Amino acid sequence: MKPGNNTSKPRRSMMLPAVLVAAVLVTGCWDRTEVNDIAIVLASGIDKEKDGYRVSILVPLPGNMGGATGGGGGSGGNRPYTIDSETGRTVREAYTKLQSRLSRRLFSGHRKVLLIGEEAAKDGLTEIMDIAGRVAENRLTSYIAVSKGKAYELLNAAPKLERFSTEALRELLKSDAAISIQVKDVALELSGEGQDTLLPYVEAVKTEGNNKPNEELQISGYVYTSGGKMAGIAKGDAANGIRWLKKSFKPYLETVSVGDSFASVTIRRGKSSIKPYLVDGSIHYKIKAQGEGTIIEASDSREYEERQNVELLERQLEKKITNDISAVGDIIRKKRSDIPGLGALLGRTYPSRWREEWGPDWPDAIGRIQLRVQVDVNVNRTGMFSKNVGAKEQPDE
């Protein structure tokens, strides 16, 4: 055997793994999808039709998105997006029929808003949320809302400050104008026990001030459900009361009468606790709410640097917030809608009695509950001026 043969075999054995690694590195991804082959869905709408569902999508058009536009979704030229829809016996069938006529694959991984039509919400949310959880690419952190009328029509609204209606809607749903609700929140609440889900209620409104009114989007309340179906809409005082009963508090404005005038106060911080207890076998809940506020506007001539005037305003705020929360209590009892999850809380406090007695009969038992509301508000920012700067000073006599 020649001396060189002993060293050549190890070299060849070391080269083989290196060749295999290089082959893997230069190979492309077998299941890749090019960006030019997909259509990014920014918003979806689901409506109830006579024989099933209508699914609508909003997709941006890359060719129409360059440069400045005249404002709004489609003013002054071609719209930078397209809206298409299709019907089917199920949500997925409608979606598949929609995909069958599009040259690009629909991709919902970047969807920002899921909009549900009012009739679809009344028919039930279970089937709609079922597909949201089963399909892997559906984005569970998308914001979700119920539209007044058809979701398809609301997607076609053309707000002037954004290029897409979905951008305006997303900014509203994540702002202090509403309690932020995401797809995952609704899915968890629908699958839970002793609670009902809540969704923002959105409508298109005509604005004034121009010769040609604009169509803007507005959150006008909250849809509350019972048994997975829309049971009604909470607006005004009840909508404000709901803010205190959800886990994450969002700042909002309260306007109350003080004597013959009005004062507007931003409730910038708030928290609440709910504790169930029994009185002679009947279910009671103690709701304790605490908040801090800032005076934004006061149309009277009171000196709000004086403690007695601040205390008067605080009492009026506490009375107003108590009425707001009590309005939610009326909805809970009359509509059998467990908005704050009182049943789940009762089950954790009295687990055995919940399983044996209250749980199976909760839709009826919730109609007999009693609420005791206690509110404490501290107005600790009265503003820069001690008097209304618009009030005319009285001349000295």
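## Before we start

This is a predicted model, so local features need pLDDT of at least 70, side-chain atom pairs count only at pLDDT 80 or more, and totals for chains, interfaces and linings use all residues. Residues are numbered from 1 along each chain as its sequence is written, and side-chain values use heavy atoms, with hydrogens and water left out.

## Rings that meet

Rings of Phe, Tyr and Trp (its six-membered ring) pair if their centres lie within 6.5 Å; planes under 30 degrees apart are stacked, over 60 edge-to-face, and the rest tilted. By this rule there are six aromatic pairs. One of them joins Tyr 81 and Phe 164: with centres 5.8 Å apart and planes at 65°, the pair is edge-to-face. These partners come from distant parts of the chain, 83 residues apart, with Tyr 81 in strand 4 (residues 81–88) and Phe 164 in the loop between helix 5 (151–155) and helix 6 (165–173). Helices (H or I, at least four residues) and strands (E, at least two) are DSSP runs, numbered from the N terminus.

Tyr 81 is buried at 2% relative accessible area, and Phe 164 is buried at 7%. Buried means under 20% relative accessible area, exposed over 50%, and partly exposed in between (1.4 Å probe, protein chains only).

Next come Trp 244 and Phe 249, a tilted pair sitting 4.9 Å centre to centre with 50° between the planes. Trp 244 is buried at 2%, and so is Phe 249 at 18%. Along with Tyr 252, they form one aromatic cluster.

## A charge over a ring

Over at Tyr 53, the charged end of Lys 48 sits above the ring, 4.5 Å from its centre. That label needs NZ of Lys or CZ of Arg within 6 Å of the ring centre and within 35 degrees of the ring normal.

## A buried glutamate

Glu 314 belongs to helix 9 (residues 307–335). Is Glu 314 buried or exposed? Glu 314 is buried, with 7% relative accessible area. Leaving out residues up to four places away in sequence, Glu 314 touches Arg 307, Val 377, Asn 378 and Val 379; contact means heavy atoms within 4.5 Å.
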